[in-house]
Amino acid sequence: MTSVVLLIAVVIAAVPWALPESASFVLPLLLIILVFVLTVQQRQELPSLSVFAGGLIMDILTAGPLGYWAAIFLLTHTLAALYRKRKTPREFGELWLAFAGTALAASVSGWGLASLYFVRVIDWQPMLIASATAIALFPLVAWPMRRTLGLEPATIFSGRR
């Protein structure tokens, strides 16, 4: 179920929505919210292979460098899995903060990978805009997902297990 949700979201995010040039990374980077929450949730784990495949599909659909979004999604998945293994209680604010750190790591890595790919330092502002947008929209995307995916409030949205 979680893999299907991710793949549908990848196809929707790859549609050309006529966004301005400065917002070109916003839709693909919003997918890291989905990867993060699906990895952190307790009921069923998002397989790494699905995350990798979702990234490759995003690369193909957006005609980007093959492996670019796959690497960003896998980094997000890895950091979320590390967060999931922690034994301390998880409040929503703590979850949001963990996502913010993950989003910053993903965007800096994405900027670095793109700079390596183009063999020059690329403009960092589009990635910063996308990262800030993902962090700001995290509650709007993550909160409804707990109902859509059948997550119990106690699994990721409160301190109880």
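A residue counts as buried when its relative accessible area is under 20%, as exposed when that area is over 50%, and as partly exposed in between. Keep these cut-offs at hand, and keep in mind that this is a predicted model.

**Stop 1: the whole chain.** Select the protein chain and colour it by secondary structure. Seven helices and zero strands make up its secondary structure, and reading along the sequence gives the pattern α-α-α-α-α-α-α. Of the 161 residues in the chain, 45% are buried. Among contacts with a separation of 6 or more, 74% join residues 24 or more positions apart.

**Stop 2: helix H2.** Select residues 26-40, which form helix H2. From the first C-alpha of H2 to the last is 22 Å, close to the 21 Å expected for its 15 residues at 1.5 Å a residue. Is H2 mostly covered or mostly uncovered? It is mostly covered, with 14 of the 15 residues buried.

**Stop 3: H1 against H2.** Now show the side chains where the two helices meet. On the H1 side they are Thr-2, Val-5, Leu-6, Ala-9, Val-10 and Ala-13, and on the H2 side Leu-27, Leu-31, Leu-34, Val-35 and Leu-38. Sorted by type, the residues of this contact are ten nonpolar, one polar and no charged.

**Stop 4: a salt bridge.** Side chains of opposite charge can pair when their charged atoms come close. How many salt bridges does the count come to? The count is one. To see the pair, select Arg-86 and Glu-94, whose closest N and O atoms are 3.1 Å apart. Are these two residues buried, partly exposed or exposed? Arg-86 has a relative accessibility of 37%, so it counts as partly exposed. Glu-94 has a relative accessible area of 24%, so Glu-94 is partly exposed too.

**Stop 5: Ser-115.** Select residues 92-118, helix H5, and pick out Ser-115 within it. The relative accessible area of Ser-115 is 11%, so this residue is buried. Show its neighbours next. Leaving out residues up to four places away in sequence, Ser-115 touches Arg-120, Val-121 and Ile-122.

Conventions:
Residues are numbered from 1 along each chain as its sequence is written. This is a predicted model: local features need pLDDT of at least 70, side-chain atom pairs count only at pLDDT 80 or more; totals for chains, interfaces and linings use all residues. Side-chain values use heavy atoms; hydrogens and water are left out. Helices (H or I, at least four residues) and strands (E, at least two) are DSSP runs, numbered from the N terminus. The expected span of a helix is 1.5 Å times one less than its number of residues. Buried means under 20% relative accessible area, exposed over 50%, partly exposed in between (1.4 Å probe, protein chains only). Contact means heavy atoms within 4.5 Å. Ala, Val, Leu, Ile, Met, Phe, Trp, Tyr, Cys and Pro count as nonpolar, Asp, Glu, Lys and Arg as charged, and the others, Gly among them, as polar. A salt bridge is a side-chain nitrogen of Lys or Arg within 4 Å of a carboxyl oxygen of Asp or Glu.
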